[in-house]
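I am opening this notebook to record, entry by entry, what I looked up in the structure.

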Amino acid sequence: MATILVIDDEPFMLEFVRKSQESAQHKVQLATSADSGLEAIQDLRRENPATRIIAISGGGRSGYTNALEAAKAFGAQETVRKPFSPNVPLAAVTRTLDAG
């Protein structure tokens with residue numbers, strides 16, 4: 001089981017990814033904006049540095065910084081840019097877990 005942080009401003013997308021990952025027995029944290037997602041990455045890193053993090057976003061901007069680049073800089077092992085095909089998030093989880 002992995003803990004997965006999903007950053008997205010679209011409720012439908014958050015729910016889609018949450019359901020698909022929970023059905024694979026993963027714990028999912030949701031963030032509705034790049035700022036809250038980046039804060040969540042920092043919190044997860046402080047609480048458990050070994051947590052594997054995948055950030056999914058449309059690549060919106062938080063200030064002047066690309067959200068996905070910032071997520072990587074803050075410790076996400078993998079990022080997924082929308083739009084994506086339905087199997088992409090689970091493939092990202094598999095790669096992340098296999099690398100860990």
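**Entry 1: a histidine in a loop.** I listed the contacts of His 26 (contact means heavy atoms within 4.5 Å) and, leaving aside neighbours within four places in sequence, I found Met 1, Ala 2, Ile 4, Gln 21, Val 93 and Leu 97. I then noted that His 26 sits in the loop between α1 (11–23) and β2 (27–31), where helices (H or I, at least four residues) and strands (E, at least two) are DSSP runs numbered from the N terminus. Is His 26 buried or exposed? I read a relative accessible area of 9%, so His 26 is buried, given that buried means under 20% relative accessible area, exposed over 50% and partly exposed in between, with a 1.4 Å probe and protein chains only.

**Entry 2: ground rules.** I remind myself that this is a predicted model, in which local features need pLDDT of at least 70 and side-chain atom pairs count only at pLDDT 80 or more, while totals for chains, interfaces and linings use all residues. Residues are numbered from 1 along each chain as its sequence is written, and side-chain values use heavy atoms, with hydrogens and water left out.

**Entry 3: backbone at Gln 25.** I checked Gln 25, which lies in the loop between α1 and β2, and found its phi near 70 degrees, a positive value in a residue other than glycine.

**Entry 4: helix α1.** I then listed the buried residues of α1, which are Met 13, Leu 14, Val 17 and Gln 21. They cover an arc of only 100 degrees around the axis, which puts them on the same side of α1; the arc is that of the directions from the helix axis to the C-beta atoms. The buried residues of α1 pack against β1, β2, β3 and α4, whereas on the other side of α1 I noted that Pro 11, Phe 12, Lys 19 and Ser 23 are exposed.

Entry 5: I looked at Val 28 in strand β2, which at 14% relative accessibility counts as buried. Not counting residues up to four places away in sequence, Val 28 touches Ile 4, Val 6, Arg 18, Gln 21 and Glu 22. I also noted that Val 28 and Ile 54 are 26 residues apart in sequence and 10 Å apart in space, C-alpha to C-alpha. Leu 30 is found in strand β2 as well, but I read it as partly exposed, with a relative accessible area of 39%. Leaving aside neighbours within four places in sequence, Leu 30 is in contact with Leu 5, Val 6, Leu 14 and Arg 18.

**Entry 6: helix α4.** I repeated the span check on helix α4 (residues 88–99), whose 12 residues should span 16 Å and whose end C-alpha atoms are 16 Å apart, which agrees. Its buried residues are Pro 89, Ala 92, Val 93 and Thr 96, and they cover an arc of only 100 degrees around the axis, which puts them on the same side of α4. I found that what covers the buried residues of α4 includes β1 (3–7), α1, β3 (54–57) and β6 (78–81).

**Entry 7: a cis peptide bond.** I noted that Lys 82 and Pro 83 are joined by a cis peptide bond with omega about -5 degrees, and that Pro 83 is in the loop between β6 and α4.

**Entry 8: helices α2 and α3.** How do the axes of helix α2 (residues 34–47) and helix α3 (residues 67–74) cross, and what is the angle? I found that the axes come within 10 Å and cross at roughly 10 degrees, where axes are lines fitted to C-alpha atoms, for helices over the stretch in contact, and angles run from 0 to 180 degrees between N-to-C directions. The two helices are therefore roughly parallel to each other, since angles under 35 degrees count as roughly parallel, over 145 as roughly antiparallel, 65 to 115 as roughly perpendicular and the rest as oblique. I saw Ala 34, Leu 38, Ile 41, Gln 42 and Arg 45 in α2 meet Ala 67, Ala 70, Ala 71 and Phe 74 in α3.

How values were computed. The expected span of a helix is 1.5 Å times one less than its number of residues.
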